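Please keep the sequence and the coordinates at hand while reading.

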Amino acid sequence: MSEKIIVANKGFVRAEFSFWVGRYMDKFYDAFENKKIIGNKCPKCEKRFVPPRKICGECYEEIIFDKNWVDLPDTGILLNYTITPYKVTDRTSRKVKKSQIIGMIQIEGSDTAIVYKLLNMEPEDISLGMKVKAEWEEKPIGNSADIKGFVKI
Ligand SMILES: [Zn+2]
């Protein structure tokens, strides 16, 4: 008789970059101050990462900090989304009044996705693969909240 291992996963998924990966993320958020999205590129397999990373997730090559940066547009494609009544940035809060739509967005020219709110949209307006654009804070300060979310274009 074989044993079965069942993993149950209940609860919240925290959909924000909450880990500190040092200067790679610092540089990424510094670019937000100028309303720019940057990523980095693996020198070996050329996979492009947003947010940037130190080790390529594809081939494990180290992506040297001093080079391999790429400027990207603030537009992307919606890969997936979810609708949640909970605040994304604060998992202890109770439900928000109106459900939020959270999207996985692949910035154009990147091979990975970032997670942000979809703004000014109703569920029926959404289709996978649709084009979206970042909605920036008027005065960005260099952190993840500088992008309020993404709107349909
Ligand atoms: Zn690589």
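Helices and strands are here DSSP runs, numbered from the N terminus, where a helix is a run of H or I with at least four residues and a strand is a run of E with at least two. Read along the sequence with that convention, the protein follows the pattern α-β-β-β-β-β-β-β-β, and there are one helix and eight strands in the protein. Residues are numbered from 1 along each chain as its sequence is written. The model is predicted, and local features need pLDDT of at least 70, side-chain atom pairs count only at pLDDT 80 or more, while totals for chains, interfaces and linings use all residues.

A residue is called buried if 20 or more other C-beta atoms lie within 10 Å of its own, exposed if 12 or fewer do, and partly exposed in between, with the C-beta atoms placed from the backbone; of the 153 residues of the protein, 20% count as buried. Two residues are in contact if their C-beta atoms, likewise placed from the backbone, lie within 7 Å, and among contacts between residues at least 6 apart in sequence, 56% join residues at least 24 apart.

The strands can be followed through their pairing, where two strands pair if DSSP finds at least two bridges between them. Three strands form an open sheet in the order β2-β1-β3, with antiparallel pairing. Because β2 and β3 stand at the edges of this sheet, each with a single partner strand, one side of each is left without a neighbour in the sheet. The antiparallel strands β1 and β3 are joined by four bridges, and Ile37 has Leu72 in β3 as its bridge partner.

A nonpolar core is defined as a set of buried Ala, Val, Leu, Ile, Met, Phe, Trp, Tyr and Cys residues joined through C-beta atoms within 7 Å. The largest such core has 20 residues, and those with the most contacts inside it are Ile105 and Phe150. At least two residues of this core come from each of α1 (23-32), β1 (37-41), β4 (75-86), β5 (95-107), β6 (114-118), β7 (131-136) and β8 (147-152), and β5 gives the most, with four residues. Not counting residues up to four places away in sequence, Ile105 touches Gly76, Leu78, Leu79, Ala113, Ile114, Tyr116, Val132 and Phe150.

Asp74 lies in the loop between β3 and β4, and Asp74 is partly exposed because 17 other C-beta atoms are found within 10 Å. Leaving aside neighbours within four places in sequence, Asp74 is in contact with Lys35, Ile37, Lys133 and Ala134, and its C-alpha atom is 6.8 Å from that of Ile107, although the two residues are 33 apart in sequence. Glu58 is found in the loop between β2 (48-49) and β3 (69-72), and it is partly exposed, with 13 other C-beta atoms within 10 Å. With neighbours within four places in sequence again left aside, Glu58 is in contact with Cys42, Cys45 and Lys47.
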